[in-house]
Structure formats: structure tokens, C-alpha cells
Amino acid sequence: MKFDTPAGTNPIDAMKVIGQAVDRVDGKLKTTGQAPYAYEHGEVPAKPAYGYVIGAGIAKGRIASFHAEEARRMPGVLAIVSAENAQPLGKGNMNTAKLLGGPNVDHYHQALAVVVAESFEQARSAANAVRITYDRAQGRFDLAKAKPGAQPLTGNDADTHTGDFAGAFAAAPVQLDQTYTTPDQNHAMMEPFATIAWWEGDALSVWTSNQMIAWNKRELATTLQMPPEKVHVRSPFIGGGFGGKLFLRADAVMAALGAKACGRPVKIAMPRPLMLNNATHRPATIQRIRLGATKDGKLTAIGHESWSGDLPGGGPESATQQTKLLYAGANRLTALRLAELDLPEANAMRAPGEAPGLMALEIAIDEMAEKLAMDPVKFRVLNDTQVDPENPKRPFSQRNFVRCLEDGAARFGWNRRNAKPAQVREGRWLIGMGVAAAFRNNLNMTSAARVRLAGDGTVTVETDMTDIGTGSYTIIAQTAAEMMGLPVEKVRVKLGDSSFPVSAGSGGQWGANSATSGVYAACAKLRDMAAQRLGMDPAAVQFVDGEVRAGNRSAALAEAAKSGELVAEETMQWGDLGKKFQQSTFGAHFVEAAVDSYTGETRVRRMLAVCAAGRILNPKTARSQVIGAMTMGVGGALMEELAVDKRFGFFVNHDLAGYEVPVHADIPHQEVVFLDEADDKVSPMKAKGVGELGLCGVGAAVANAVYNATGVRVRDYPITLDKYLAKLPAIA
Amino acid sequence: MKAFTYERAKTPAAAAAAVAANKGAKFIAGGTNLLDLMKLEIETPTHLVDVQDLGLDRIEATKEGGLRIGTLVSNTALAADSRVRKDYGVLTRAIVAGASGQLRNKATTGGNLLQRTRCPYFYDTNQACNKRKPGSGCAAIGGFSRPLGVIGTSDACIATHPSDMAIALRVLDAAVETVDASGKTRSVPIGEFHRLPGDTPHLENVLQPGELITAVTLPKPLGGRHFYHKVRDRASYAFALVSVAAVLNEDGSGRVAFGGVAPKPWRVEAADAQLRNGAAATAKTAFAEARPTHENAFKVTLAERTLAALIAENQA
Ligand SMILES: Cc1cc2nc3c(=O)[nH]c(=O)nc-3n(C[C@H](O)[C@H](O)[C@H](O)COP(=O)(O)OP(=O)(O)OC[C@H]3O[C@@H](n4cnc5c(N)ncnc54)[C@H](O)[C@@H]3O)c2cc1C
Ligand code: SF4
């Protein structure tokens, strides 16, 4: 099925199941410990041995000597695989650094070997007995130092120029020119990278934890230099990924190599202290923002430049992406620059580009509003656009940004905010409010599904879509239930298996809309097949309450499969509506923060997000996405930072004691409001994503609230107390 | 983790003798610190002597009018004890500001005093660390030093002692009771229990090999108002950037000790005498010899401001 014209009325519009706050269909499995995660699967042909990965002890250089003799003799040790004795390996397109290093070392904690033993403890102990010496090479670890040599990019990341930015900025009566920095961040998902791998002849099977099954299958095949048909990837439950599990990682490759070496299944879970440097992270950025405005608050010039770094061959953090589209203004400039660094691999993390980009842009907008003596909500409303500002012939498919701001302001009591900072006190506490825009594009990805109607009237959906904690199982069940006129209980959903049709996977907040659209397409086909079996006109049938009805005829849906299961498989493909219309999601974040006037400790006291993201498929799971994202945003604003050792080239705080994310005590009541929307230009589901939208802008809303509370503007995330303590109002 | 043997001692002296007799032996109490370090092979004992059967899990009144806290009293039980809450509030507050409920259930009094630093380089065996491997150097100096010490540090080590409980014990002038392999007991004032690093940062306290902590004693109640304020980057479940334990009287006099700043609970008696002159004067004396790095100089300001908050609260 191809979606190339706006959706008319379709069965989803009935919204009997879709749009309802259905409980997670997999909730009970998870809360009772019965949902097996990658490391826990019992469905393995033999008792697995345990693998323990050894990471490089330097950031850049070469292995000078590798002594595994002692380790090999240790109790229980079955195999030690390193580049010396591993088969030749390829490198997947989506990996920048090799997943097995040696003799060259490309980054700290790059996997150099795996030790396989009968028990986990034996493997770990032997891994510690492997002695590796290195010849260190000079590395580049400091973004600020590398910045002058950073290079421009091409394609989607090329510079953009609209109108005459330089002239308009120079001529603008009110100007802002500031630099903001965001740090390296880690996904810090709960479940570590984990895989159980085994071989049957030349065929490889893995239970793993991965967001993108088809990518993982292809990349495993490329890396192991084998045909993809021989790779079977399964990842039915995933304990969070946030983009960290989009790509093939060392756990899967090393488990496969270990399993081959010892002729048994091998399981590996990456130890947390190894994960933060071994795997990918969101890279730090340095962002310069220049804004020009008229005295009455119209933006005339918007310039956003961003510098980030990555290993040679890597990519930039596209932090200027959203600036192309968020506000009106005739003269515009965006530019990305990429420096080569020898830190661990930079790559996607939840809302890549937008998250750090909006952390900067939405402080700049707050600063500009202050210069103009305008309310920051009003300033944003005034500069709204209904068309792509770089290409005014191209409208947004739907854009209710202004309503998000205005509804939010009313609900939050924004009118109680004192525009002058550091004025509101409650005892020791300085109180402030902040607002920021949330903005993230909608992306659609080709997505296929297979649906089966059984003789008992139940429907089974099979697709390689993943549920990384988002609720995919549930919204897919709801989609099939709505399409087939069934209650959710009559639908079974099977996900995360590379033997199923290839879906969009989970990433870029494209999963919900794309994957349910794929299921929609397969169900549409199944409806036709059922109608035909029942001798009804497919164009005239309705599927309601477990029945198929046409005119005054009706039959139980189960009837259609009496003489044999009906199986329909279909792929949703996308036409050019995404080109004709800018498809995006919008929101506004409101935050109230209190800062201890003595110690500088910040406590977020209230949070509100108002989101406009098309049809909300399930308000319960969608809300969970947004409150989780808001929590992550508080972390980004106030505490999350991978501390770079610029001498030795690694993230020093490489465990969850050192890399702090919010705990319950940091998070106040969170309110989420979804505007009642349905966007007919994005898909038959009329839905868009919310998972990344929820994060976009949160950091800046917190930052703006802290500024409003204290009068100290911090442009360097995270906003930890050491950065403003000495500038707080004097204490008694 | 290296393979090790394990025994459960029956008496304090037997436990001490078992550890003294074996160079690779260590005591294990709650295990919340030691086991983590063993998994990372930062500690590599070959033999563990478990002290949980020694009957040292009671809190008793002393004839001096104070309390004797058995080394195996859990952090949870100690914080919840009604006598402690009434007369030694600073101790309860300090304990509950640390770790998490689950950890405090397992963590013991003696183990808490002996927990090792949270310097991130100490935890990474690829990095030079004089505390972990004497003579190897200190990777933290010149590196990521934001969480590390500002005073009492040396050119060999700038790590802090991470305990919250110990800061309160210092302000209360507690003492540590021990027994050695020969059955000899002694009592060490808490201020003399932990050592400054000098050029031997791996030696963190005055215990001799095999010497077992049996109890911590508290002198008779001090009165005054008890405060513990722990400042960190998130609201809970993190080690202190700075913490301040104070017992303040109505007239503004009192005592103060600082955590998160030094290799041991930081108390300077001459600074106590400045309390009536305010936080600035007190901190000036307490931190006169501070040698912060550019990343952690804020801790000195933070210590002063946090103390100011407590003084203001005492006056309110
Ligand atoms: C995630 C996490 C967060 C934490 N957060 C905090 C915090 O915020 N604040 C804080 O103060 N602490 C914190 N802690 C540390 C915690 O308080 C300590 O781990 C605990 O107090 C140690 O006690 P234990 O009985 O488990 O000691 P063990 O781990 O059993 O032993 C620690 C050391 O003491 C020795 N030892 C134990 N008993 C005796 C004895 N009787 N005589 C001689 N030697 C002995 C052992 O040989 C070992 O060297 C945290 C710990 C973790 C894991
Ligand atoms: S500060 Fe101390 S604990 Fe940290 S690396 Fe240096 S010597 Fe080791």
C-alpha cells in the first residue's frame, strides 16, 4: 500500500480501540518478570557459556603485546577470541569504529577480546588476567581545541542560506549573539547491551537487545562476512535503548565469535562500566546563535552554527536542524561543522540534533524576548510560521504550535510569572518559571506486517517492529483490533523477530506511526480477503463487534477462517506528502524551578507539556513517553555530563554512580496535555510520534526557569550549581 | 573477582586472629563496598572473614551517659534508634542522606567508616592511582577533579572520604573501639582514626593488620540543634559535593564538620570557635589551608554558603 494522498475517512476513525487508554498488553509479563530479556532466554539449544569482553585501556594507539596464556589456563576457560585469532571481520555501514579493535585501538574501551568460560565469574576473572600492553599514540580529545579545524558537510547536513543573513543581522535594531555548549551524554538505558548467540552449522541465531531488527541482521552479516539469510535476530523485549541500541554493538559480535570458537551458545551482557566508553554517546556541541529582531519583536535574522566531533568517518550532531523550521524570519543561516576526535563513537541519542539544538536555541529565544521586553510566550507566538521558512511555498501539514503555547500558559498560570528575574522568594528558595518550544519532525519509514486470522476469530500480528518500552505491542494490538472490529484481547502481537516482515523499527520517533500504518495496510488486505471468503463486497463491508457486516448481511469474523487460516502481508510505503508538506510535531514545555539561595541546589517543582502530535494512538502509553522524556530533559538540564579526560581521551565517570541521571526525588508532578488532532497528510493512522518531542526543549525550559529564579544566565549545560553559585544574590 | 576462601568467625578475637594470620585476608561485614571492589579487582583478598556472627549488633548505654554502637549495627537500625534520633539527630540525618534504603539495610557501622573513596580514577584499573597501586601515580590530578578533595589532600592523592555517617561522628567526637589478634582492645578518637594521604594514600586509617572494629562510642549528648545538609548534583542517591554537619546552640556557638571536601571528616576546632562570628569567619578558618583544583574550588564557597544556611536556620 502506498500512502500518497491525504487519508480520507477510514476504519481507524471509529476510534473504538485506537485513542483509548488501553493498558499495556505486555504489562503483566513485565511486572511479573515473565517477559524474557536478551540475557534471560531459555530457548537456546544448549547451556550457554559466558563471555566477558575486554575493553581497550587506552584511547588511541596500538596493542604492543597481548598475553592470554595465564588466562587460558584458568579454570573453566573455553576460548579467548581477539583480533589475532578471530576470523576476518567487516564493518557495518552504521558503525564508525570497529566493534573488535586490535592491533590498532580507535577509542577507549573498544572491545579487544572476549573471554568465554563456563561461568560468568570464571570469564570475568580470566578476562582480568589477560595482560595487554600498548603503544600510545597522540589523540584529539578536546572539542574546543579541535573546533578551528572542523569541516563543513554536504547533503542533509550542508549549510543553508536563506535571504541575506549577514546583512539583516547587522541591520537588526535588536541583536543577540551568544554561544552555548552542551556536553557529551549517555543513553543510560536500564538494560545493558546483551546477547545470546549460537551457531547451527553456518547459521547464526541471536537473542539480543536491539531497536532495529533488519539493520541488526544486515550489519551482523556484513561484520561476520556471511549471507544475511543465515542470520536470525530476535529481540522481543528491550529494556530501553534511546538510540543506543539502533546499531549493532560489540555484545552481539563478540557473542557470535565466542560461540563459534567454543562451539556452544555464548551469552554476554556488557558490564556498565564498560558500556559508556565502549558504545555510542550523544556528542558535545558548541553552538553559536545570532538573532536579529525589530523593536516590535519580529525576527528578521536567524543564524545557528554548531560544532561537534566524532571519530574519523563519523557524523555531526545536527543541532541546527530544527532552527530551519521553528520560527519565521526572512534571513537565515544554519551551519554544521564536524571535527575529528578520538573519543568513543558519537551517534544518535533520543532526538538527535533537536535535543541539544533546542537546549541552545530556546535559551537564545528567551534571551531575545528579554532584550525586547516581551513575554517569551508572546514572542514565540508572534514569530510563528505556517510554512517552511526556507521554502514558503511548502506548508506544514498541521501546525498548532501557538495553541500549545497559549493553552499551556493558561493551564500553568504563566501570568503569575514575574518577568524580572530573582524577584520571587519563598523562604530560602528563589522561584522562577521557564518556557520553551518542543519541536521535532515526523518521519515515516517503510513498514511491513503480516496478519493472520485464525478459525477461532483471533488475529495474530507479526512484524519485526520492536517495543523498547514505548508501548509498540499495545498500539499495534489496538490498530489490528480497530481494523478487524475486535477487542484488544482477541489480538496477539509478535514482535522483534527477523523472520517477520520488516518494519520501521524503533527510532527517530517514527516507530508508532510507521509500524501501525504497516499493520493497517496488512489488515486492509486481510479485510478484503475475509470479505471475499464470506462472499461480501469488500468495498461495502464493516468490521464491528467481531462481525463482518454488509448491508443487512452479517457473519462472525471467525467464519472467514473456518476453512483455513487467512494470512495477509503488506507493506506501507510513502509517497511524496512528506516533501509537499512539512510534517512535524509541536509542543510547549513549562517549568517552575526553585533554587536554594544559599546552596544553589535546584529543585524542579512543576512541569507541564502541551503536545500537538497528530492523533494520539493511546494516551496512556503516549503520556508515559512524554513524562519519561521530560525526566530525561531534567537530567540534561541539571546533571547529565560525560566528563572528558582531555589528556587520556575517555569519559571518566563511566558508570551510573558517576553519570548521574534523575532519581525520583528530582522529578515533581508532571502534567501532559495532548491537543486533539488528526493529521490526514501523515498516514492513514493520522498520527505522528511523541517519544522524542517530549524531550525537545525541556532542558531550555528548565534553564530559563533557573534564570528567572536567580537572574544568573548559564549557557553551559548541565546547569550545575558550581556555574552560578558565586553569582547568586548575596546571602545574609 | 579473584577466587577466595571464606569463613565465619565466632568471636571478635578469633576474627582478628584469622585476618592477622593471613596476609591476603579481609573482614567482610555488609559487603556493600567490599564486594563491588572485588568484582572490579580493585580489592583482591584471597580470604574473607565474615564478622556477622560476632554478636556486635547492639546499641547499648555506656556508663558515661553515651551510647556504644556495635560494629554490626546496620545503618538503618542506627538511624532509626530512638535514643540516636533524640540525642544525636545529626547522626540520623547524616545516615539517611547516604546511599539508599536497601544499601543502608546491609551497610554496617564499621564498614561505613572503612568504605573507600569514590574517586572515579580509583575505580578504573587502567588508570594510575596511588591509592589502588602505590607508586603508580595519580591520574586524577590534572584530570576530572570536580568531585575530589580541596583540603588535607597531597601531591600523591586528592580523593575524599565518602562517608556521610563519619562526618556526623566527627562532630559528635565519637571514638572507635577495636580488638586485635592478641585480644588487646583500644579506643581511637574519630578525629585520629582516618589518616591524611601524605605520600601513602593507600593507608587510610590507623588500624593495624587484623585489628577489628568492635564498636563506635558516642559521648553523652551534646544538646543543641542538630543539622546535616548534604549538597549534591541530584536530590538523592549521590555522594556529597559538600556536606555540613553541625550542632549549634542558641547563642550561636557549636561545632561543625565538613564532608565531601577532604580525605577524612574535616573538622578544625579553631573554626568551631568562630561559629558565633558567622559562616564566613568559620569557613575561613576551616579552609585556611585549602588547595582546590580549578574544577573544585567552588566547594570552598559551597561549604561556607551551606553553613550559612544552617546558621540562619538555627537563628530562625
Ligand atoms: C550505590 C551506593 C551508594 C552509596 N552511597 C553512599 C552515600 O551517599 N553516603 C555514604 O556514606 N555511603 C554510601 N555508600 C557506601 C555505603 O555506606 C558503604 O558501602 C557501607 O557503609 C559499607 O558497609 P558494609 O558493612 O557493607 O562494609 P563492607 O563492604 O562489608 O566492608 C567495607 C570495608 O570495611 C572492612 N570492615 C568491615 N567491618 C569491619 C570491622 N568490624 N572491622 C574492621 N574492618 C571492617 C572490610 O574489610 C572492608 O574493607 C554507598 C554505597 C553504594 C554501593
Ligand atoms: S586522587 Fe587518590 S584515589 Fe584518585 S586517582 Fe589519585 S591517588 Fe587514586
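## Burial and a tilted pair

A residue counts as buried when its relative accessible area is under 20%. In this predicted model, A:Phe237 has a value of 8% and is therefore buried. A:Tyr37, at 21% relative accessibility, counts as partly exposed.

How many aromatic pairs does a search of the whole structure find? Over all chains, the search gives 17. A:Tyr37 and A:Phe237 make up one tilted aromatic pair, with 6.2 Å from centre to centre and 50° between the planes. A:Tyr37 belongs to the loop between helix H1 (27–31) and strand E2 (49–55) of chain A, while A:Phe237 belongs to the loop between strand E12 (231–234) and helix H7 (250–262) of chain A, so this pair ties together parts that are 200 residues apart in sequence.

Distant parts of the chain are linked here, as A:Trp215 sits in helix H6 (residues 213–224) of chain A and A:Phe247 in the loop between E12 and H7 of chain A, 32 residues apart. Both A:Trp215 and A:Phe247 are buried.

## A cluster of rings

Which residues form one aromatic cluster? A:Tyr327, A:Phe396, A:Phe401, A:Phe439 and A:Phe586 do.

## Lysines over tryptophans

Rings also meet charges. A:Lys147 lies over the face of A:Trp307, 4.2 Å from the ring centre. Over the ring of A:Trp199 sits the charged end of A:Lys260, at 4.3 Å from the centre of that ring.

How values were computed: Residues numbered from 1 in each chain as written. Chains lettered and ligands numbered in written order. Predicted model: local features only at pLDDT ≥ 70, side-chain atom pairs only at ≥ 80, totals over all residues. Heavy atoms only, no water. Phe/Tyr/Trp six-rings, centres within 6.5 Å; stacked < 30°, edge-to-face > 60°. Helix = DSSP H or I, 4+ residues; strand = E, 2+ residues; numbered from the N terminus. Buried < 20%, exposed > 50% of the residue type's maximum accessible area, 1.4 Å probe, protein only. Lys NZ or Arg CZ within 6 Å of the ring centre and 35° of its normal.
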